[in-house]
Amino acid sequence: MQRFVDELAAGGHDFRRLVERLPVIVYTAELGANGCWRYVSPQVEEILGYRAEEFVRNPALWASLLHPEDREWVLASENEEYLRNRDTSGGIEYRMHRRDGEVVWMHDEAVLEADGDGVPVWHGVLYDVSNRKQTEGELQRSLSQQAVVARLGERALQNGDPQELMEVATELIQKVEGIHSACIWELDRDGRRLNLRAGLEGAAVGAGRRVSASRDSHAGAALDTGTHAVVADWEQETRHTMPPVLRAFGAASSLAVVIDGKNRPFGVLDVHATERHRFSAKDVPFVQAAANVLADAIERHNADQALRYRVLHDALTGLPNRLSFVDSLGESLAKAAVSGSPVGILFLDLDHFKLINDSLGHHAGDALLRAVAPRLRAHLRPGDIVARFGGDEFGVLIDRLADEGEAVAIADRVAAAFAQPFAIDGVEHFVSASIGIAVAGGAGERPANAELLIRDADAAMYRAKEGGRSRCVLFDAEMRAAAMKRLEIERDLRQAIEGDELALHYQPVVNLRSGEINGLEALVRWRHPERGLLDPGEFVSIAEDSGMIEPIGRWVQERACRQALAWQQLRPDARPLDVAVNLSARQAAHRDLPSTVEEVLARTGLDPVHLRLEITESVLIDESATAIASLQALSELGVRLVLDDFGTGYSSLAYLNRFPFHALKIDRSFIEALGIEQEATAIVEAIIGMARGLSLEVIAEGVENEVQLSELQRLGCDYAQGHLFHAAMPEREVSRLIAEGALRYSGISPDGR
């Protein structure tokens with residue numbers, strides 16, 4: 001650089017002419033904000049709009065052209081003491097104003113040397129780097145926009161609530177540099193208006209929360225054309241009317257894109273800036289990408305809601321189904337426990353319905369069922385719930401009763417609804433109904449349970465059938481005597497807990513790659529003094545209904561953990577065996593579950609990583625805050641959570657994102673047909689592929705033959721259990737296998753074949 005400047009100063013004509021053709025500003029200037037400019041190459045006029053003579057004549061011109069945001073630090077560098085403590089070999093970059101007011105970025109590379117009189121003089125070159133700076137800025141903005149879309153996509157997977165996601169979207173988008181605010185407009189049912197759903201909080205009130213869905217508004221124009229709409233300058237805009245809500249904060253420019261939908265657009269995503277010409281076609285991909293994330297999330301939510309509706313409603317009549325009825329009944333019983341008001345249900349079965357089907361055809365039977373639904377509603381009180389259980393069975397929930405007498409009166413009124421004929425294919429048919437009545441929640445009654453109450457009403461309905469049909473029967477003492485038999489089992493079960501009649505059997509879980517037994521599932525058994533060894537299916541549901549599942553669950557957890565630790569001591573140099581314990585719905589919903597498990601682990605000394613707790617999908621349907629908090633706390637303890645019986649309940653991918661599962665267990669109903677039925681194989685393959693994408697382990701239960709094993713290995717399943725490997729066995733049998741070193745399945749070689 002110094003040699004270059006010396007030769008220039010020497011005044012060689014050819015050299016000077018060469019320099020003056022370079023697309024840079026070559027200069028020599030004295031140090032300081034008002035230092036004299038001794039030489040400036042002519043390119044200064046092309047780059048900054050000022051002639052070289054103006055710089056030489058006015059020493060303060062350079063400092064006056066510095067951008068206000070850069071002026072202070074740039075002038076501070078015009079100091080010898082400052083320069084001694086700073087490396088200037090790489091040059092500096094700052095902004096300057098051209099004569100026409102445009103801002104340009106300059107790269108200033110110079111050396112400071114004293115002249116013959118000892119005056120410090122800069123010998124340097126100014127490069128116009130505006131294009132590079134613009135490219136860097138666009139890149140940075142693109143990265144920022146991509147980060148917003150990525151975060152929005154992540155939130156969409158975490159939470160399926162569209163309203164919350166829309167609010168998050170507007171918050172994230174308006175953090176992008178240059179964007180003042182974002183908002184989301186939803187298209188109303190008739191397609192004439194767009195209503196504000198998110199964004200512009202506090203700015204929009206009343207009519208300001210609506211805009212036209214036609215081309216009168218820029219958002220409507222985007223919707224109408226199916227593409228983006230840019231307003232570069234609202235003051236100069238003639239095509240669209242500016243919404244009042246945008247005037248509130250002084251919007252100068254806007255960009256709107258469509259949020260699409262499966263059958264019709266959902267609405268519009270709208271972004272705004274307070275500077276003119278902020279948005280161009282370059283911004284469309286970013287805003288459209290955010291809109292697409294919203295569109296996908298909204299569509300998933302709508303599909304999930306539609307699926308939930310189908311799961312909870314009868315397709316033929318549109319009435320709630322049994323699952324929905326049980327939920328509503330459970331809520332009413334919970335309220336009744338506080339208020340003391342009895343809750344009743346009617347279990348209704350159409351008499352001789354099979355005759356209608358057989359004589360007139362199923363279409364006539366379906367028409368009758370559809371006609372029964374509104375007839376029942378018309379004879380009930382507001383708030384009473386009618387549900388179809390299936391076939392020709394209906395349930396009616398009648399809460400806020402005065403006593404059993406009111407329930408019987410309502411049942412009589414419902415029975416009277418069948419006095420009038422039903423018109424089917426233009427022909428009138430008389431149909432009667434048998435109704436069973438069960439009431440719970442009265443003074444001195446035992447604690448009510450939804451399924452038990454339905455069972456009681458069902459028993460009363462069958463008594464009505466036996467009595468000649470077209471009758472109403474209240475669940476009475478005789479029928480209650482049968483229920484007492486169940487209570488006897490409950491009582492025996494309590495004694496079983498206290499009398500050490502419970503035992504654990506263990507079924508091995510085999511690693512399908514190595515054939516080794518990596519863990520065991522603990523299964524409770526009851527050594528009944530009179531009936532012998534009972535499987536869980538014969539008493540667990542009673543324990544669940546009675547609340548005894550909680551002490552049984554604690555006993556199972558502690559016994560299994562202690563036994564797992566004992567087995568570890570038998571094989572200290574080997575990997576410890578995991579032990580899996582099932583959690584019932586009642587246990588999972590208990591707020592003390594995490595502390596109970598933590599206490600068990602502390603007492604037994606088992607490492608939490610070797611305890612697996614299995615939860616069925618049915619536990620998660622209600623998505624109660626207690627269950628969510630409990631499972632999260634268990635995961636934080638280090639316990640591994642397994643989603644059991646996957647695919648049999650209300651399967652939803654939301655579970656796998658919302659709950660901290662480590663593995664899922666494919667239900668045996670899919671494994672039974674594996675390798676035989678193409679549909680079952682496809683389902684298992686899809687589950688395994690999905691689990692792999694979510695970094696979840698997969699366990700197959702109920703493996704009974706080599707065909708199933710071979711298919712599971714081909715599909716990449718991680719673990720399996722079933723009678724092919726081992727049936728559930730007592731603790732001593734597992735200890736024998738350990739002693740004999742037989743903890744592997746010989747049908748799988750160590751290399752997984």
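Predicted model: local features only at pLDDT ≥ 70, side-chain atom pairs only at ≥ 80, totals over all residues.

Modeller: Residues are numbered from 1 along each chain as its sequence is written, and side-chain values use heavy atoms, with hydrogens and water left out.

Biologist: Is Ser-254 buried or exposed?

Modeller: Buried means under 20% relative accessible area, exposed over 50%, and partly exposed in between (1.4 Å probe, protein chains only). Ser-254 has a relative accessibility of 0%, so this residue counts as buried.

Biologist: Which side chain makes a polar contact with the side chain of Ser-254?

Modeller: A polar contact is a pair of N or O atoms within 3.5 Å; within protein, one must be able to donate a hydrogen and the other to accept it, and residues adjacent in sequence count only if both atoms are side-chain atoms. For the side chain of Ser-254, the distance is 2.9 Å, and the partner is the side chain of Trp-234.

Biologist: How many residues of strand E17 are buried?

Modeller: Strands (E, at least two residues) and helices (H or I, at least four) are DSSP runs, numbered from the N terminus. From E17, Ala-433, Ile-435, Ile-437 and Val-439 point one way, while Ser-434, Gly-436, Ala-438 and Ala-440 point the other way, and all are buried. E17 (residues 433–440) is therefore largely enclosed by the rest of the structure, and its buried count is eight of eight.

Biologist: Which strand pairs with E17 in the antiparallel sense?

Modeller: Two strands pair if DSSP finds at least two bridges between them. E18 (residues 472–474) pairs with E17 in the parallel sense, over three bridges. In the antiparallel sense, over eight bridges, the partner of E17 is strand E12.

Biologist: How many residues of helix H10 are buried?

Modeller: Helix H10 spans residues 218–225 and is mostly covered. Among its buried residues are His-218 and Leu-223. Of the eight residues in H10, the number buried is six.

Biologist: The side chain of Thr-604 reaches the backbone nitrogen of which residue?

Modeller: Thr-604 lies in helix H22 (residues 593–604). Its side chain reaches the backbone oxygen of Leu-601 at 3.4 Å. The backbone nitrogen that the side chain of Thr-604 reaches, at 3.4 Å, belongs to Leu-606.
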